[in-house]
Amino acid sequence: MFILWDGAILGSLESLGSSSGGSSSSGSELAAPAAFQAAGGPAGAVAPSLQGQEAAAPAAQQQPLQPQQRPRQPRVEDPLAALSASSPAVGAEISAFSFLAVATSFIGFVLGLTDFVAGALALPSRQAPAPYLVALLPPLVLAVSFPGIFLTAIDTAGTYGVLTLFGILPCAMAWSARYGSGAGDSGSGSSSSSSKSGGSESSGGSGGALRGEVVELVPGGKPAARAFSSSGPALSDDLHSLIKRELQHEQTTYEQPEPLAKGPPAPFTVSGAPGDGTVTLKRDYKGETISVDAAVNLQEGVPQELEEGEEDEGDEGELGSEVVFNVTVTKGESSLVFECVSDGTYLDVRHVSHEPASGPESATAYTGPAYDELPVPLQEAFGSYLEERGINEDLGEYLRHAVYDKEQREYIGWLERVKSFLGAKCKAAQAFSSSGPALSDDLHSLIKRELQHEQTTYEQPEPLAKGPPAPFTVSGAPGDGTVTLKRDYKGETISVDAAVNLQEGVPQEFEEGEEDEGDEGELGSEVTFNVTVTKGESSLVFECVSDGTYLDVRHVSHEPAGAPESETAYTGPAYDELPVPLQEAFGSYLEERGINEDLGEYLRHAVYDKEQREYIGWLERVKSFLGAK
């Protein structure tokens, strides 16, 4: 390609040279009479050469021109070459631009061609020289042997290749799709094939080998739909035979993962029953009951089974992804619940909550702060607390395989139940040493220290000193996790509820020496709350947001006085799609009932204060739990 490019440049320069030479000769002919007179010829005399031409002119006009005497056609000039010759700077710029255009095209073409050659011929990767040699040597030899072949090939490809690719092939494809032998009869072909062959031998028709279909993945690596394991059932087969075939395949190919052969890490024992969908491990430790639960349906990614002949493109960690599970430590009538995640090489805690042994009292109950916002020493102490009780990476590795095995066994059980429903007849131990220092004592001291710090530094925000805007009154109890204001208005009962755990941004307390980089609006962010106006047996519920300087309504729903009739009940349109006058009327409706920016400002600080007080209460309950004997 570079040789052809140099040849084109040299040809253009030669054209310019010949053109300029022709112009010089014409100029010399025109200058001949002047030179003759300057040499001493008479003023009216004509140069001898011109006299001969003038004398021959009449004779030439009387005789027809012979082919070799006809005038030459105008020369076709290359505008790019002429522009290059006009100035050395312009010529250099054109040469640089041309070189970059050819070079970038060459690089992209080489990269694509080497990948294609490596894949088509099963050569090593592009890092090896073999694909480059196969891709570049033949064109180089061809270009050196036939320098002009490039332009000829381009003309041929542009004429016949483009015509075939964009003209003939689309028409042929459309004709084949509409009138070809395989159009319109795939279903019948499949049906006849299945009726003749029957059973598992049927593999023709549009059913194909369903196992070979591409399974679309969703975030987390879990398949959007389980790949069907049976080999090529025809679509005309009934549901019962498909279920039966799939069940036989799963029962034949099922193998318990090797890490489960020894059982769970001692002294944990496996608990649960078929159909439960949860892997449960239990143990006792110093008067505590510890339960580890990993629900199959709540996993972000579960190890996928590989078919015969398939290879794992990554390590087992990539296959297994992570396992999420809860660790519940129960002592007396309350429990600490740890939300954990592990891939067998690490164990992370996502949240710690203190709950009654029977579970949270309500959906809005405050169960604990965000784990990553706890002081680092406190996080490390919680980690040691779990380690002392045998909650570590080894347990996470066991759970990772146990969840996969549980999913496989539950799938087989589901197939058996569905088959029965359709009317068919159905024929690790690693001891954990608890010796050593009681790490929970360190956790207890850290909790105690954190509690003392929070109790010492807590101050009620100044805007709350005067109480809520009249005539609202504060309602609620410690541990509720919701700020509730109530009032009556002309036979209506109005309730304003702001849940601490549902806030997108809550004012944060600054430690000593820290500075606020923004104003209070940035600190407080926004507060979201619901306003429920109840009259009789029904209510209007307004979902609102405010930062103390404005109040916006996001949604208005009409519901029964208790709660919506069902989760799918239509409760109202999107608020921003309502006519503007109607939105303004709803705003005036709330303003008349005292729902305004001042109430939003109060709620903003009240939610922050509620979170601080609930955090102190949570620390007190955890401290009491750890100190109980």
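Six strands line up here as an open sheet in the order S7-S8-S9-S10-S11-S12, with antiparallel pairing (strands are DSSP E runs of at least two residues, helices H or I runs of at least four, all numbered from the N terminus; two strands pair if DSSP finds at least two bridges between them). This is a predicted model, where local features need pLDDT of at least 70 and side-chain atom pairs pLDDT 80 or more, while totals for chains, interfaces and linings use all residues. Residues count from 1 along each chain as its sequence is written, and side-chain values use heavy atoms, with hydrogens and water left out.

- The edges are S7 (473-475) and S12 (551-560), each pairing on one side only.
- On average, neighbouring strands are turned by 25° against each other, direction ignored (axes are lines fitted to C-alpha atoms, for helices over the stretch in contact, and angles run from 0 to 180 degrees between N-to-C directions).
- S7 pairs with S8 (residues 482-489) in the antiparallel sense over three bridges, and Thr473 has Lys486 in S8 as its bridge partner.

**Helices across that sheet**
- Helix H14 (residues 580-592) lies across S8, S9 (492-499), S10 (527-535), S11 (538-546) and S12, at about 95° to S11.
- Helix H15 (residues 597-627) lies across S7, S8, S9, S10, S11 and S12, and runs at about 145° to S8.

**The S5-S6 hairpin**
- S5 (residues 334-342) and S6 pair in the antiparallel sense over nine bridges, with Cys340 opposite Val349 in S6.
- Four residues separate the two strands of this hairpin, and Gly344 in the turn has a positive phi of about 95°.
- S6 (residues 347-356) is mostly covered, with seven of its 10 residues buried (under 20% relative accessible area, using a 1.4 Å probe and protein chains only).

**The H4-H5 pair**
- H4 (residues 88-120) and H5 (residues 129-145) pack at an angle of about 115°, their axes 9 Å apart.
- Phe106, Val110, Leu111, Leu113, Thr114, Val117 and Ala118 of H4 meet Pro131, Tyr132, Val134, Ala135 and Leu136 of H5 (contact means heavy atoms within 4.5 Å).
- By class, that contact has 11 nonpolar, one polar and no charged residues (Ala, Val, Leu, Ile, Met, Phe, Trp, Tyr, Cys and Pro count as nonpolar, Asp, Glu, Lys and Arg as charged, the others, Gly among them, as polar).

**From the UniProt record**
- The unreviewed UniProt entry lists residues 96-123, 130-151 and 157-177 under "transmembrane region"; such annotations may be inferred rather than shown by experiment.
- Residues 96-123 are 89% helix and 0% strand, with end C-alpha atoms 36 Å apart.
- Residues 130-151 are 86% helix and 0% strand, with end C-alpha atoms 28 Å apart.

Terms used:
Buried < 20%, exposed > 50% of the residue type's maximum accessible area, 1.4 Å probe, protein only.
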